[in-house]
Amino acid sequence: MMKNIVLIGFMGSGKTTIGKSLEEKTDMVFVDTDELIEAYEGCKISEIFADKGEAYFRRLENETLKNLLASTDNKVISTGGGIIINQANIPLLKQLGKVFYLRIKPETVLERLEGDKTRPLLIGEDKLVKVEQLMTDRKELYEMAADKTIDTDGLSVSEIVGKILEDFT
Ligand SMILES: Nc1ncnc2c1ncn2[C@@H]1O[C@H](COP(=O)(O)OP(=O)(O)OP(=O)(O)O)[C@@H](O)[C@H]1O
Ligand SMILES: O=C(O)C1=C[C@@H](O)[C@@H](O)[C@H](O)C1
């Protein structure tokens, strides 16, 4: 297994925020699979979904994990919220390093992503219903992929970072 910290969890669970804070507090380098895909494709995730479809995006996520496996370690890898949908990704995540699942309640997701237009799966009405449905569909997959689950509701960024570092040996 490579020595990376891998962060998984729903949109808005804090993967980017926690990942960047880990980068500041350690000698590890932060990367984000959504950002790597945007850089590779030269456009935004919402444009990839609109122009080429979700299935195309999911293939890019799988390629991105394979590229990271071929790269150096000592990274904090933040992942797209749906990275676990393709179950072939689960063993890849585990090979990359220790997988931390940042668990969050649907209500907290809505509070955090209010007005955010960058998540194509959460556009339109009835967002709470959409979030609840997606979480129900994904719950088991996140748990299957995780080495460690952190319930993040009500915790500060530094508390979550502390828990991860305590556990990352
Ligand atoms: N522990 C926390 N407490 C309060 N607010 C937080 C916490 N962690 C993150 N946030 C806020 O929640 C929002 C979403 O966080 P972030 O972008 O890090 O999530 P994400 O998991 O990377 O989402 P996505 O996968 O959709 O990019 C941000 O505005 C961030 O400041
Ligand atoms: O939860 C999801 O399926 C997604 C989460 C984002 O991080 C992006 O990867 C994209 O918007 C899809």
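Guide: Buried means under 20% relative accessible area, exposed means over 50%, and partly exposed lies in between, with a 1.4 Å probe and protein chains only. The model is predicted, so local features need pLDDT of at least 70 and side-chain atom pairs count only at pLDDT 80 or more, while totals for chains, interfaces and linings use all residues. Residues are numbered from 1 along each chain as its sequence is written, chains are lettered from A and ligands numbered from 1 in the order in which they are written, and side-chain values use heavy atoms, with hydrogens and water left out.

Visitor: Okay, which residues cover the faces of β3?

Guide: Lys-75 and Ile-77 on one side and Val-76 and Ser-78 on the other are all buried, and both faces of β3 are covered. Strands here are DSSP runs of E with at least two residues, and helices are runs of H or I with at least four, numbered from the N terminus.

Visitor: Which strand pairs with β3 over four bridges?

Guide: That is strand β2 (residues 29–32), which pairs with β3 in the parallel sense, and Asp-32 has Ser-78 as its bridge partner in β3. Strand β1 also pairs with β3 in the parallel sense, over three bridges, and there the bridge partner of Leu-7 is again Ser-78. Two strands count as paired if DSSP finds at least two bridges between them.

Visitor: And why is β4 called largely enclosed?

Guide: Strand β4 (residues 97–103) is largely enclosed by the rest of the structure because five of its seven residues are buried. Five bridges join β4 to strand β1 (residues 4–8) in a parallel arrangement, with Tyr-101 as the bridge partner of Ile-8. Strand β5 (residues 148–151) pairs with β4 over four bridges, also in the parallel sense, and Leu-102 stands opposite Ile-150 of β5.

Visitor: Switching to backbone angles, what is the phi of Asn-74?

Guide: Asn-74 has a positive phi of about 70°, although it is not a glycine. Asn-74 lies in the loop between α4 (54–69) and β3, and it counts as partly exposed at 31% relative accessibility.

Visitor: How many salt bridges are there in the whole structure?

Guide: A search of the whole structure finds ten, a salt bridge being a side-chain nitrogen of Lys or Arg within 4 Å of a carboxyl oxygen of Asp or Glu. One of them joins Arg-58 and Glu-54 at 3.0 Å, N to O, and these two are separated by about one helical turn because they are four residues apart in helix α4.

Visitor: Is Arg-58 buried or exposed?

Guide: Arg-58 counts as buried, at 11% relative accessibility, whereas Glu-54 is partly exposed, with a relative accessible area of 32%.

Visitor: Which salt bridge does Lys-148 form?

Guide: Lys-148 pairs with Asp-167, the closest N and O atoms being 3.4 Å apart. That pair links distant parts of the chain, with Lys-148 in strand β5 and Asp-167 in helix α8 (residues 157–167), 19 residues apart.

Visitor: And which residues are linked in a network of salt bridges?

Guide: Arg-103, Lys-139, Glu-143 and Asp-151 are linked in such a network.

Visitor: Last topic, which residues form the negative surface patch?

Guide: The patch is formed by Glu-107, Glu-111, Glu-114 and Glu-132, where patches are made of residues with over 30% relative accessible area and no salt bridge, like charges being joined within 9 Å and nonpolar side chains (Val, Leu, Ile, Met, Phe, Trp, Tyr) within 5 Å. Glu-132 lies in helix α7 (residues 127–145) and is partly exposed, with a relative accessible area of 33%.

Conventions: Areas by Shrake-Rupley, 256 points an atom, 1.4 Å probe, with all protein chains shown as cover. Lys, Arg positive; Asp, Glu negative; His and termini not counted. Charge placed at Lys NZ, Arg CZ, Asp CG, Glu CD.
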